[in-house]
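Notebook open, structure loaded. I want to look up some aromatic pairs and a few charged side chains.

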Amino acid sequence: MRFAPHTDDDIGQMLATLGISSLDDLFADIPADVRLDRPLGIPAGVSEMELIADMRSLAARNMDTDRLVCFAGGGAYDHFIPSVVWALAGRSEFYTSYTPYQPELSQGVLQTLFEFQSMICELTGLEVSNASLYDGATALVEAVNMARGHGRGRVLVSAGVDPRLLDTLRAYGRGAGYEPEVFAISDGRGGRPDVGPDVAAVVVQHPNVYGILEPVRDLFGRAHDGGARAVQVFDPLSLGVLAPPGELGADIAVAEGQVLGNHLNYGGPYLGLIAARMDDVRRMPGRIVGETLDVDGKVGYVLTLQAREQHIRREKANSNICTNQTLMAIAATVYLGWLGPDGLAELGRQCASKAAYAAERLTKIDGVDLRYPDAPFFKEFTLTVPRPATDLRDALIERGFLAGVALADGDALAVAVTEKRSRDEIDRFALAFEEALT
């Protein structure tokens, strides 16, 4: 806030209107033992000028992150964002929009969200998508809710799924009555889940937490043989070079949509993507925008299948989500429109080739190896390093690089390489990496 909302005169007028003499009288009905009987332990107020100067002084103590070359990933990635994305998404018609329940006033936003859904369906090879969810982790929770809505209860999760996603599932599962069961993988991928008649979903991340491509057709085949839903966590920008989830056999696909035109933003706000087959459309949470014709035969856009929403169905609902991340979804729509199919394919090729070059350069350093040398990867790979990965990461920050994500294994560092990284940056990173290890 840039101002103190209530002056002493304001407070005096309020008390006079109420016919009381002090703020203590205002709170007299609150028991004395829960009232604070001393001043708050905060400094005296300062002017706006002094406050801004103090905040700038504090901000100056932070490292200028724009000077760090980013090789970090783990679910949030440093991709190029063209200026057109936020020039359009930042228009007041979009960033001030909220709930489009009055379609006659919200045609522009509704059409954009319809286009967004259409693009997500095209990307994933699935038949229906919603207008987005909060983030990738909660999108996975909603996918599991959809799968469990068929009457089965157990949820099998690959050990290659990001532990943070698993933690989110566990947190939600405690209230919903399930505990995710993790099945083992071999050499960083795969596994043989035992899909019994009580299993609702088999969850696989592809590429997985180690950056490795999973044998998803086989895993999803096992899920279907046992009558379970196959749920894939995917990277949207991998789909220019990798087969879409629908083609691989996924029944429900979810993703973190940050990579689609949204900045890293210190962790958010992001947006969750979810798509499914038409059989599950009435179990899909959140908002779905539909295209229709009005009484004059003109194309129009409305929220549809409203009966699915918590605020109407209440205890019969699969989810309590009634909203979406409109602004981030609009940015994703502009970004995908700018990129196009050919651009998506070229971006994927650049990520894959630059990641391969970076892995080759880094593994020439003594003591540095690919953790899973025989496994294919897309834009992220995991290294085994000869010192604690957290120490190495911190040492490389001092040398101007966000080196990657230290995994729970201790000596494992996940390195991500996007289309933004140049050969020169990769070469300098390798030199700094070697220097930090000597």
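First, my terms: buried means under 20% relative accessible area, exposed over 50%, and partly exposed in between (1.4 Å probe, protein chains only). This is a predicted model, where local features need pLDDT of at least 70, side-chain atom pairs count only at pLDDT 80 or more, and totals for chains, interfaces and linings use all residues. Residues are numbered from 1 along each chain as its sequence is written, and side-chain values use heavy atoms, with hydrogens and water left out.

Aromatic pairs. I looked these up and got nine. Rings of Phe, Tyr and Trp (its six-membered ring) pair if their centres lie within 6.5 Å; planes under 30 degrees apart are stacked, over 60 edge-to-face, the rest tilted. Phe 80 and Trp 338 have ring centres 6.3 Å apart and planes at 55 degrees, so I log a tilted pair. Phe 80 is partly exposed at 42% relative accessible area, and Trp 338 is partly exposed at 44%.

Next, Phe 401 and Phe 429: centres are 5.4 Å apart and planes at 45 degrees, so this pair is tilted. Both Phe 401 and Phe 429 are buried. I also find them in one aromatic cluster with Phe 71 and Phe 433.

Charges over rings. My test is NZ of Lys or CZ of Arg within 6 Å of the ring centre and within 35 degrees of the ring normal. Lys 379 lies over the face of Tyr 77, 4.0 Å from the ring centre. For Tyr 357, I find the charged end of Arg 423 over the ring, 4.4 Å from its centre.
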